[in-house]
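Hello,

Here is the structure I promised to pass on to you.

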Amino acid sequence: GLLLQRVLRTPLAEPSTLGVSAGAQLALTLGMLYAPALMNHAREGVALAGGLAAVGLILAMTWRRGLEPVAVVLAGMMVALTATMGSAALILANGEYLFSIFLWGGGALAQQSWGPTMTIAVRLLIGVGAAFLLMRPLAILGLDDASARSLGVALNATRFGVIGVAVWLAASVTAEVGVIGFVGLAAPALAHLSGARTQGQRLVAAPLIGALLLWLTDGLVQLLAGVDGERVPTG
């Protein structure tokens with residue numbers, strides 16, 4: 001969320017509002033129905049393809065407008081709604097096979113092993129490392145395009161690189177636990193309100209605040225839902 005907000009210059013950008021998570025979910029639902037063997041070996045790749053397709057469609061629709069923030073968010077919400085409805089239609093049409101996908105798509109944290117935790121942890125470390133390497137270009141991207149170019153930043157290459165890292169992280173999470181909506185929107189805003197001013201401080205604070213929000217939500221779900229807690233997705 002923080003990376004997408006920075007590169008697209010809008011505080012409303014995050015994997016849910018830009019359709020990245022919904023695109024990944026639609027791709028995984030299609031894979032589960034029509035290529036189940038592929039899901040055993042390349043689930044994350046399928047999710048990444050769906051996320052990249054969604055963000056690619058948004059960029060294509062808004063490129064001529066110079067990635068104007070309002071246009072990007074509106075296009076993202078259109079893509080997200082379309083992909084979400086596509087997933088819902090497939091699940092309803094194949095309910096006897098895909099009820100577990102319905103629960104998972106809502107953001108289900110129940111796991112059978114530590115495997116998904118370790119998978120996401122490794123990707124988070126790589127993603128954070130890449131974000132710190134891109135810190136200087138990220139700071140310059142906060143300027144207008146002309147100023148950024150005058151400072152020697154390869155604008156389009158940097159944008160695509162940052163968006164690629166963000167989409168990969170979001171798709172990895174979606175592949176393991178489903179769609180966790182709006183944490184990527186709230187955590188960067190709360191990081192800013194908590195006093196994190198520099199880009200480095202926000203890169204540290206936002207994931208920690210997001211983790212705290214998710215932990216608190218999951219605890220409340222289990223507390224309020226009781227024995228049926230696993231049937232209520234945390235997302």
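Let me begin with a term: a pocket is an open set of grid points where a 1.4 Å probe fits, with protein on both sides within 12 Å along at least five of seven lines. Please keep in mind that this is a predicted model.

The largest pocket has a volume of about 1100 Å³. Its lining is made up of 38 residues, and Ile120, Leu124, Val173, Val183 and Pro207 lie nearest its centre. Helix 6 (115-133) supplies at least two residues of this lining, as do helix 1, helix 9, helix 10 and helix 11. With eight residues, helix 6 gives the most. Sorted by class, the lining has 25 nonpolar, eleven polar and two charged residues.

The second largest pocket holds about 670 Å³ of space. Of the 26 residues lining this pocket, Trp104, Ala108, Leu109, Ala110 and Gln111 are the closest to its centre.

Now for the nonpolar cores. Which residues touch the most other members of the largest one? They are Leu3, Leu8, Leu18 and Ile163, out of 36 residues in that core. Helix 9 (155-177) provides the largest share of this core, seven residues. Leaving aside residues up to four places away in sequence, Ile163 touches Leu4, Val7, Leu8, Val55 and Leu59.

One last stop is Gly56, which sits in helix 3 (residues 36-62). Is Gly56 buried, exposed or partly exposed? Gly56 counts as partly exposed because its relative accessibility is 33%, between the 20% and 50% cut-offs.

Enjoy exploring!

Conventions
Residues numbered from 1 in each chain as written. Predicted model: local features only at pLDDT ≥ 70, side-chain atom pairs only at ≥ 80, totals over all residues. Heavy atoms only, no water. Helix = DSSP H or I, 4+ residues; strand = E, 2+ residues; numbered from the N terminus. Buried < 20%, exposed > 50% of the residue type's maximum accessible area, 1.4 Å probe, protein only. Core = buried A, V, L, I, M, F, W, Y, C linked by side-chain atoms within 4.5 Å. Contact = heavy atoms within 4.5 Å. 1 Å grid on protein atoms, 1.4 Å probe; cavity = no way out; pocket = protein on both sides within 12 Å on 5 of 7 lines; lining within 4 Å. Points joined across faces, edges and corners; volume = space filled by probe spheres on them. Nonpolar A, V, L, I, M, F, W, Y, C, P; charged D, E, K, R; others polar.
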